[in-house]
Amino acid sequence: MKDTNVMIKGRNINHVFYKLVDKFAEVGKLSQINGSKYLELYPVAIEIENPLERCLMVPNRRNNIFSTVAETIWVLSGSNKIEFLLRYLKRADKFSGDGETWRGAYGPRIMNKNGINQFENCVKALKKNENTARACIALYDPVLDSKYKQIDVPCNNWIQFYIKNDRLNMNVVLRANDLIWGFSGINFFEWSVLMEIASNWLGKKIGEYNHFVGNMVIFERHFDRAEKIKNFKNREDIYFKLKKYDDLKVDLQQISYKKDLEIFMLLEKKFYMGEIDVKELINREADIQSNFLKYCLRLLLAYMSFEKKNFEDFFILWTSLNWNVLKICSLEFLIRYCNKYSVSHSVVGRLLQDVEADIRYFLKEKSVI
């Protein structure tokens, strides 16, 4: 019997993702439950040396960076209602027991668990004692999550922040994790954003991110995709090739983040409902203190406009965004979207009009353009 105990270490999300795909091919165990096949590794320990390099850019992965950003903001807002999420993650209702909420949503459990903001408590604990091991967030609730037939039971169970060598580190523990839709689709991105917020509030540099999984899987629906990912890899990582563009900081402040997120959600909904136009949006977003949230708001509403084929609004919002790795990943998705849905060549031409040569070269290497 193969020993599947797995320890993976890499610089960023792209490095460890490739190593995990290779490890599944090498020692993954084929299993089955309720007639569904999956490959599994157990247990798995992952260390990421630079958690700020959180954007996945891997050929054939076909991830939607807009969904990742939207779900991250949604978690930070403390919501469990999927109305917002469905606009960016179309399958969100498939994981809902009532069609309206995610019962196991992380946002309420982190930001308002029985009236307790566990995230703020972690920061307070570390400000009081930098050597404490008590800066923890409990996501699994045995009172709520022990019923076997529930659709939505948290996979991420526990988070810890700790300071070593004057850097903020993070541990996340999971009972199970889907490599494709879970770890690489949302989990690392959302937790690294939370980590960056905490590091700013504490005035500490970012340390390492550790991800411990009891059972990591690739489901049968992704077997072919995983094989293509393994066989057609990027020769160069986006954070090496285009490192000059990595300059978007997560700058939510402790004094204003709750209000900022309320305004973000309000403006996003008003724009979706057609109650405000692009001009009013840009005027009213000035009430948001965080430049990161302003950027993400324009990015998501650009995507919304693109899907609605309102290309005039799309290009107003899109061209207002500075180039960084997040925007490059967004461009890669939009080009794939254009190819899949036969969007007009004129739109694709405008998308690529002001793209720098080094970005074009990287996307060509990734077989996007």
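**Helix H2 and its surroundings**

Let me start at the beginning of helix H2. There, a side-chain oxygen of Asn64 comes to within 2.9 Å of the backbone nitrogen of Phe66. Keep in mind that this is a predicted model.

Now the helix itself. H2 covers residues 65–77, which makes 13 residues. At 1.5 Å a residue, it should span 18 Å. Its end C-alpha atoms are 19 Å apart, so the span agrees with the expectation.

Is H2 covered or open? Mostly covered: 12 of its 13 residues are buried. Among them are Ile65, Phe66, Val69, Ile73, Trp74 and Leu76.

After H2 comes Gly78, with a positive phi near 85 degrees.

Next, the whole chain. Its secondary structure amounts to 16 helices and 10 strands. For 369 residues, a compact globule would have a radius of gyration near 21 Å. The chain has 20 Å, so the two agree. Along the principal axes, the C-alpha trace spans about 55 × 50 × 45 Å.

Some totals. Of the 369 residues, 56% count as buried. Take the contacts with a separation of 6 or more: 72% of them come from residues 24 or more positions apart. The accessible surface is about 17,400 Å², and carbon and sulfur atoms hold 49% of that.

Now the backbone points to check. As a reminder, most residues other than glycine have a negative phi, and most peptide bonds are trans.

Which peptide bond is cis? The one from Tyr42 to Pro43, with omega near -20 degrees. Pro43 sits in the loop between strand E3 (36–41) and strand E4 (44–48).

Then two residues with positive phi. Asp166 is not a glycine, yet its phi is about 65 degrees. Asp166 lies in the loop between strand E6 (156–164) and strand E7 (167–174). Its relative accessible area is 47%, so Asp166 is partly exposed.

Ser342 is not a glycine either, and its phi is positive at about 55 degrees. Its loop runs between H14 and helix H15 (345–352). Is Ser342 buried or exposed? Exposed, because its relative accessibility is 65% and the cut-off is over 50%.

Technical notes
Residues are numbered from 1 along each chain as its sequence is written. This is a predicted model: local features need pLDDT of at least 70, side-chain atom pairs count only at pLDDT 80 or more; totals for chains, interfaces and linings use all residues. Side-chain values use heavy atoms; hydrogens and water are left out. Helices (H or I, at least four residues) and strands (E, at least two) are DSSP runs, numbered from the N terminus. The expected span of a helix is 1.5 Å times one less than its number of residues. Buried means under 20% relative accessible area, exposed over 50%, partly exposed in between (1.4 Å probe, protein chains only). A polar contact is a pair of N or O atoms within 3.5 Å; within protein, one must be able to donate a hydrogen and the other to accept it, and residues adjacent in sequence count only if both atoms are side-chain atoms. The radius of gyration is taken over C-alpha atoms; the globule rule is 2.2 Å times the number of residues to the power 0.38. Contact means heavy atoms within 4.5 Å. Accessible areas come from the Shrake-Rupley method with a 1.4 Å probe; for residues, only the protein chains shown count as cover.
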